[in-house]
Every structure is written in C-alpha cells, then in structure tokens.
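Trainee: I would like to go through the terms used for this model and see what each one rests on. Can we take them one at a time?

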Amino acid sequence: MANRKAILNQLADYFADKGMLTPSEYKMASDAPMRYMLAKRPFGSWTRMQGMIKSNFPNQWAKAMGVEATAPVVEEAPKVAAPKKAATAAPKKAKK
C-alpha cells in the first residue's frame, strides 16, 4: 500500500516530537495528525504499527523512545563455495 508508507511517515514524525504514546493517550491527544482508527487500520494493530515505525524509520523511533539511534551492524561471513557433487551417469535402459 502506498498509503501505508505516508501514514507511517506522519506518525513517525509525530511520535518523534511527542514520544511514543499508548492508544488511549493517542486518542486523547488534540494535536494528533489523524484519528486513531485511520492510524491503526492499515497495519491491523497498534503494536504492528509501532514495529513498522521501528524498522522503517529508526531515527524517529529512537527520538520517540528516548534512546540513541544506532546503525544496524551487518556482519559479513566469509563466503565458502559449496562442495560439488560428482556427476553420476544415467542408468542404461535394459534391452527387451
């Protein structure tokens, strides 16, 4: 959904300013960028929406949670070629 990314961006910016809110706190907020149901509907649940903010907008997530943003560490494992299997000859057909 193209709409999901735009909604997620608006919510991430809002939570970066206000801090992460519970659903009841968000419903009571008068300056929320959109109604609660419009914020939750594309994601199915409030927790899933928070998880998507965490994975798609890590800088805003860090601001909302009050932690320092860290870059994901990617460990490169040495590439090892898979051992090749010996080719086996196809069985010959029996003569009748």
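Trainee: Why does Asp31 count as partly exposed?

Mentor: The model is predicted, so the value is a computed one. Asp31 has 39% relative accessibility. Buried means under 20% and exposed over 50%, so a residue in between is partly exposed. Asp31 is therefore partly exposed at 39%.

Trainee: What makes Lys18 partly exposed?

Mentor: The relative accessible area of Lys18 is 46%. That value lies between the cut-offs of 20% and 50%, so Lys18 is partly exposed.

Trainee: Why is the contact between Lys18 and Asp31 called a salt bridge?

Mentor: The N to O distance between the side chains of Lys18 and Asp31 is 2.8 Å. The rule asks for a side-chain nitrogen of Lys or Arg within 4 Å of a carboxyl oxygen of Asp or Glu, so the pair qualifies. By this rule the count comes to one salt bridge.

Trainee: Which parts of the chain does the Lys18 and Asp31 pair link?

Mentor: Lys18 is in helix α1, and Asp31 is in the loop between α2 and α3. The two are 13 residues apart, and the pair links distant parts of the chain.

Trainee: What makes the pair of Tyr14 and Tyr26 edge-to-face or stacked?

Mentor: A pair of aromatic rings is described by the distance of the centres and the angle of the planes. For Tyr14 and Tyr26 the centres are 5.9 Å apart, which is within the limit of 6.5 Å, so the rings pair. The planes stand at 85 degrees, and over 60 counts as edge-to-face, so this pair is edge-to-face. The structure holds six aromatic pairs.

Trainee: Where do Tyr14 and Tyr26 lie?

Mentor: Tyr14 is in helix α1 and Tyr26 in helix α2 (residues 23–28), so the pair ties together parts that are 12 residues apart in sequence. Tyr14 and Tyr26 also belong to one aromatic cluster with Phe15, Tyr36 and Trp46.

Trainee: How do you know whether Tyr14 and Tyr26 are buried or exposed?

Mentor: The relative accessible area is 9% for Tyr14 and 2% for Tyr26. Both values are under 20%, so Tyr14 and Tyr26 are buried. Leaving aside neighbours within four places in sequence, the contacts of Tyr26 include Leu11, Pro33, Met34 and Ala39.

Trainee: What places Lys27 over the face of Tyr36?

Mentor: Lys27 is at 4.6 Å from the ring centre of Tyr36.

Trainee: Which residues have the most contacts inside the largest nonpolar core?

Mentor: They are Leu11, Phe15, Tyr26, Trp46, Met49 and Ile53, in a core of 19 residues. At least two residues of this core come from each of α1 (2–18), α3 (36–40), α4 (46–56) and α5 (58–65). The most comes from α1, with six residues.

Trainee: Why are the buried residues of α4 said to line one face of the helix?

Mentor: Trp46, Met49, Gln50 and Ile53 are buried in α4. Seen down the helix axis, the buried residues fall within an arc of 100 degrees, so they line one face of α4. On the other side of α4, Thr47 and Ser55 are exposed.

Trainee: Is Gln60 buried or exposed?

Mentor: Gln60 lies in helix α5, and its relative accessible area is 18%. That is under 20%, so Gln60 is buried. Setting aside neighbours within four places in sequence, Gln60 is in contact with Asn9, Ala12, Asp13 and Ala16. Trp61, Ala62 and Ala64 of α5 are buried too.

Terms used: Residues are numbered from 1 along each chain as its sequence is written. This is a predicted model: local features need pLDDT of at least 70, side-chain atom pairs count only at pLDDT 80 or more; totals for chains, interfaces and linings use all residues. Side-chain values use heavy atoms; hydrogens and water are left out. A nonpolar core is a set of buried Ala, Val, Leu, Ile, Met, Phe, Trp, Tyr and Cys residues joined through side-chain atoms within 4.5 Å. Buried means under 20% relative accessible area, exposed over 50%, partly exposed in between (1.4 Å probe, protein chains only). Helices (H or I, at least four residues) and strands (E, at least two) are DSSP runs, numbered from the N terminus. Contact means heavy atoms within 4.5 Å. Rings of Phe, Tyr and Trp (its six-membered ring) pair if their centres lie within 6.5 Å; planes under 30 degrees apart count as stacked, over 60 as edge-to-face and the rest as tilted. A charge sits over a ring if NZ of Lys or CZ of Arg is within 6 Å of the ring centre and within 35 degrees of the ring normal. The arc is that of the directions from the helix axis to the C-beta atoms.
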